[in-house]
Amino acid sequence: MHIRFDIPADPAYPGRVAAALGSVRLRRFGYIGAVLAVVGVIGLVVSQGFGWGERSSPLWTALLVAGVLSMLYRPWVLARARRRSGSYAVEGAYDITDDNIMMRSGSESGGIAWDGVAQVRDVGEFWVVYVDRMPATVIPRWLMSAEDAETLHAFLTERGLLRRR
């Protein structure tokens, strides 16, 4: 297998990458926030029903506010990442073989051997490549030809890195 494709110098591309990586790592804040908000609302309703409102409502209100803020954390971080990353737009390229992924961005380049990859997750229009438990890079599927994307998908599935569709 030998797949090569270019990354255009699009100011929106770094923001899309940041959003893909951030959505994977920040998703848990939304879940935790939802649980805290639900517990806060239930606590407020129950405490008002039993007449404990004056003593316990600050606790339930704090849980509710913490839950809402936690749910808003992910969109806030992603918006900041998109806004700040627009100046990082440079041309790049990917060169993917049976042995490794080579990436070039501007004047810098780096690579990841497939033997060091723990898993690959499908996140929207990207495949997120993990080394151990950390996301190491993304592979933008929409910039690849359909044939190359299918070839890479089959390769990743065969190696057990990507779950079957």
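Select strand 2 (residues 92-97) and strand 3 (residues 100-105): a hairpin joins strand 2 to strand 3 through two residues. Strands here are DSSP runs of E with at least two residues, helices are runs of H or I with at least four, and both are numbered from the N terminus. The model is a predicted one, in which local features need pLDDT of at least 70 and side-chain atom pairs count only at pLDDT 80 or more, while totals for chains, interfaces and linings use all residues. Residues are numbered from 1 along each chain as its sequence is written, and side-chain values use heavy atoms, with hydrogens and water left out.

Strand 2 and strand 3 run antiparallel and are joined by five bridges; two strands are called paired if DSSP finds at least two bridges between them. Within this pair, select I96, which stands opposite I101 in strand 3. Is strand 2 mostly covered or mostly uncovered? Strand 2 is mostly covered, with five of its six residues buried. Buried means under 20% relative accessible area, exposed means over 50%, and partly exposed lies in between (1.4 Å probe, protein chains only).

Strand 5 and strand 6 (residues 126-131) are antiparallel and joined by six bridges.

Contact means heavy atoms within 4.5 Å.

**The nonpolar core**

Select Y94, I96, W114, V120, I139, L152 and L156, the residues with the most contacts inside the largest nonpolar core, which has 28 residues. Such a core is a set of buried Ala, Val, Leu, Ile, Met, Phe, Trp, Tyr and Cys residues joined through side-chain atoms within 4.5 Å. Elements giving two or more residues to this core include strand 1, helix 1 (13-49), strand 2 and helix 3. The largest share, five residues, comes from strand 6.

**S70 in helix 2**

Move to helix 2 (residues 53-85) and select S70. S70 is buried, with a relative accessible area of 12%. Which backbone oxygen does the side chain of S70 reach? That of F29, at 2.8 Å. Leaving aside residues up to four places away in sequence, S70 touches F29, G30, I32 and G33.

**The whole chain**

Finally, display the entire chain, whose secondary structure comes to three helices and seven strands. From the N terminus on, the elements run β-α-α-β-β-β-β-β-β-α. Buried residues make up 34% of the 165 residues. Among contacts between residues at least 6 apart in sequence, 58% join residues at least 24 apart.

Methods. Polar contact = N/O pair within 3.5 Å; in protein donor to acceptor, adjacent residues only side chain to side chain.
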